[in-house]
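Look at the sequence and the structure below before reading on. The report then goes through a few parts of the chain, one topic at a time.

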Amino acid sequence: MKCPYCKKEMELGFIQSPQEISWKKGDKRPLLGRAQFHESSVILSELSFLKGSAVTAFLCRECKKVIIDYSDENSDFNQR
């Protein structure tokens, strides 16, 4: 994948967490972390008590950006 900022090739990898991985709207860290408690949240990887959570991501070392394409159903390791 090419970086949309600098057009250099990005590295394929993943982001891993012992909790669910989600995006929540706003500029302040919410008190409760689970996505189900936040309107307009997007779950990027469901929590698995055995495996944790992991999602495919692309890294640009030049721009220091990470891109997660959650439209790809295979990006969530727990959904594979």
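## Two residues with positive phi

Where is the place of K64? K64 sits in the loop between β4 and β5. This lysine is not a glycine, yet its phi is positive, about 60 degrees. Most residues other than glycine have a negative phi. K64 also counts as exposed, because its relative accessibility is 69% and the cut-off for exposed is over 50%.

K7 is another residue with this feature: its phi is near 70 degrees, a positive value, and K7 is not a glycine either. K7 is found in the segment before β1. With a relative accessibility of 55%, K7 counts as exposed.

## Confidence of the model

The structure is a predicted model. Over the protein chain, pLDDT averages 87, and 91% of the residues score at least 70. Which element has the lowest mean pLDDT, and which the highest? Strand β2, residues 21-23, has the lowest mean at 85, while strand β5, residues 65-67, has the highest at 97. Where pLDDT is low, the predicted coordinates should not be read in detail.

## Salt bridges

How many salt bridges does the structure hold? There are 3 salt bridges in the structure. Side chains of opposite charge can pair when their charged atoms come close.

K8 is partly exposed, with a relative accessible area of 44%, whereas E62 counts as exposed at 54% relative accessibility.

Another salt bridge is formed by the side chains of R61 and E11, at 2.5 Å from N to O. This pair also links distant parts of the chain: R61 is in the loop between β4 and β5, E11 is in strand β1, and the two are 50 residues apart. R61 counts as exposed at 58% relative accessibility, while E11 is partly exposed with a relative accessible area of 37%. A further salt bridge is that of E9 with K2, whose closest N and O atoms are 3.3 Å apart. K2 is exposed, as its relative accessible area is 54%.

How many disulfides does the structure hold? The structure holds 0 disulfides. C3 is in no disulfide, and the nearest cysteine sulfur, which belongs to C60, is 3.7 Å away. To count as a disulfide, the two sulfur atoms would have to be within 2.5 Å. Is C3 buried or exposed? C3 counts as buried because its relative accessibility is 1%.

C63 is likewise in no disulfide; here the nearest cysteine sulfur is that of C6, at 3.5 Å. C63 counts as partly exposed, with a relative accessibility of 23%. A disulfide is a covalent bond between the sulfur atoms of two cysteines.

S53 is found in strand β4, which covers residues 53-60. Its relative accessibility is 0%, so S53 counts as buried. What lies 2.9 Å from a polar atom of the S53 side chain? The backbone oxygen of E46 is at that distance.

With neighbours within four places in sequence left aside, S53 is in contact with I15, Q16, S17, Q19, E20, I21, S45, E46, L47, S48 and N78.

Y70 lies in the segment after β5. Is Y70 buried or exposed? Y70 counts as exposed, because its relative accessibility is 53%.

Leaving aside neighbours within four places in sequence, Y70 is in contact with V42, L44 and S75. Y70 and L44 are 26 residues apart in sequence, and their C-alpha atoms are 6.3 Å apart in space.

Key: Residues are numbered from 1 along each chain as its sequence is written. This is a predicted model: local features need pLDDT of at least 70, side-chain atom pairs count only at pLDDT 80 or more; totals for chains, interfaces and linings use all residues. Side-chain values use heavy atoms; hydrogens and water are left out. pLDDT is the predictor's confidence in each residue, from 0 to 100. Helices (H or I, at least four residues) and strands (E, at least two) are DSSP runs, numbered from the N terminus. Buried means under 20% relative accessible area, exposed over 50%, partly exposed in between (1.4 Å probe, protein chains only). A polar contact is a pair of N or O atoms within 3.5 Å; within protein, one must be able to donate a hydrogen and the other to accept it, and residues adjacent in sequence count only if both atoms are side-chain atoms. Contact means heavy atoms within 4.5 Å. A salt bridge is a side-chain nitrogen of Lys or Arg within 4 Å of a carboxyl oxygen of Asp or Glu.
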